[in-house]
Amino acid sequence: MDQIERLNAIKKYIFTNKKVRTLEIASKFNISEQTVRKDFNILEEKNYIRRVHGGAVSKSTFNERLNINIDVKKKLCERAASYVHYRNTIYIDGGTSYYHLIDFIPDDYNISIITPSLPIALRVMETSSHSVYLLGGKVDGTTLETTTTIDNSLIKDIYFDIIFLGVSGFSKDFAFTEDNIHTLNIKRKVCSQSLKKIMVATSDKQNKIAFKKSFDTSDIDVFITEQNINDEVKKYLDKKLNLVLI
């Protein structure tokens with residue numbers, strides 16, 4: 001198990017158990033206490049956990065993250081929804097940024113939605129008459145999305161008018177990066193089968209470097225974020241893609 005896989009495994013273990021001891025992690029993952037402390041530092045810097053005496057605790061749940069910057073996320077979703085048209089087939093990524101996207105898509109558009117996100121699929125069903133298809137696979141207890149698709153036949157031959165992608169971090173040096181590496185194959189698959197690729201991110205993700213690079217700027221058509229990103233990142237993105245600031 002390399003460092004990226006170990007960090008993901010430790011993160012999931014902490015989210016599942018809420019609170020863990022340093023010795024517990026060292027024993028479970030067969031690593032030294034010093035390595036555990038270094039891993040805790042990395043996870044704390046990425047805002048996943050909080051260090052406590054002798055161990056660490058989970059930082060947040062899906063519902064807790066959903067309410068962070070909720071007004072900003074709604075504004076970003078409203079702008080993103082303006083790209084959707086009648087009878088489009090769209091893919092909506094997991095995470096909290098797109099939870100309110102369906103609120104801004106007219107119900108009479110009669111669109112088809114494919115998503116790995118349980119909360120998003122449920123929201124579509126509860127608040128609209130659009131068709132929604134949930135990707136199968138193992139459910140991640142932290143993000144509440146399917147991370148290992150058992151059967152890719154659902155998306156194998158689908159042409160997407162638009163895909164809405166999430167991101168863990170964006171920067172000038174590394175473009176777009178992702179913490180949840182288990183979802184990357186699906187993201188890249190749908191990206192190769194779509195006409196328009198849109199990415200949405202709150203400004204607190206700027207200059208955050210996640211575990212693995214997910215996309216280059218050339219892979220994304222439209223990037224929607226907040227006005228308050230720094231000038232250097234703003235100029236870089238504006239040259240590389242269609243940058244939309246809210």
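Which residues does UniProt assign to the feature "domain: HTH deoR-type"?

View 1. In an unreviewed entry, UniProt places the feature "domain: HTH deoR-type" at residues 3–58. The structure shown here is a predicted model, and over residues 3–58 its chain is 64% helix and 20% strand.

**View 2. The whole protein and its overall dimensions.** The secondary structure of the protein comes to 9 helices and 15 strands, and its C-alpha atoms fill a box of roughly 55 × 40 × 30 Å along the principal axes. A compact globule with 246 residues would have a radius of gyration near 18 Å, and because the protein has 18 Å, its value agrees with that expectation. Of the 246 residues, 51% count as buried, while the accessible surface comes to about 12,100 Å², of which 47% belongs to carbon and sulfur atoms. Among contacts between residues at least 6 apart in sequence, 60% join residues at least 24 apart.

View 3. Strands of a sheet pair through backbone hydrogen bonds, either parallel or antiparallel. In this sheet the strands follow the order 10-11-13, and the pairing is antiparallel. Strand 10 (169–171) and strand 13 (212–215) stand at the edges, and each has a single partner strand, so one side of each is left without a neighbour in the sheet. From one strand to the next, the twist averages 40 degrees.

**View 4. The pairing of strand 11 with strand 13, and the helix that lies across them.** Strand 11 (residues 175–178) is joined to strand 13 by 3 bridges, and these two strands run antiparallel. Glu-178 has Lys-212, in strand 13, as its bridge partner. Helix 8 (residues 184–191) lies across strand 11 and strand 13, and this helix runs at about 20 degrees to strand 13.

View 5. When residues up to four places away in sequence are not counted, Lys-73 touches Arg-65, Leu-66, Ile-68, Thr-96, Ser-97 and Thr-202. Lys-189, by comparison, stands 116 residues from Lys-73 along the chain, and the C-alpha atoms of these two residues are separated by 26 Å.

Terms used: Residues numbered from 1 in each chain as written. Predicted model: local features only at pLDDT ≥ 70, side-chain atom pairs only at ≥ 80, totals over all residues. Heavy atoms only, no water. UniProt positions renumbered as here; feature names shortened; annotations may be inferred. Helix = DSSP H or I, 4+ residues; strand = E, 2+ residues; numbered from the N terminus. Pairing = 2+ DSSP bridges. Axes fitted to C-alpha atoms, helices over the stretch in contact; angles between N-to-C directions. Contact = heavy atoms within 4.5 Å. Rg over C-alpha atoms; globule rule 2.2 N^0.38 Å. Buried < 20%, exposed > 50% of the residue type's maximum accessible area, 1.4 Å probe, protein only. Areas by Shrake-Rupley, 256 points an atom, 1.4 Å probe, with all protein chains shown as cover.
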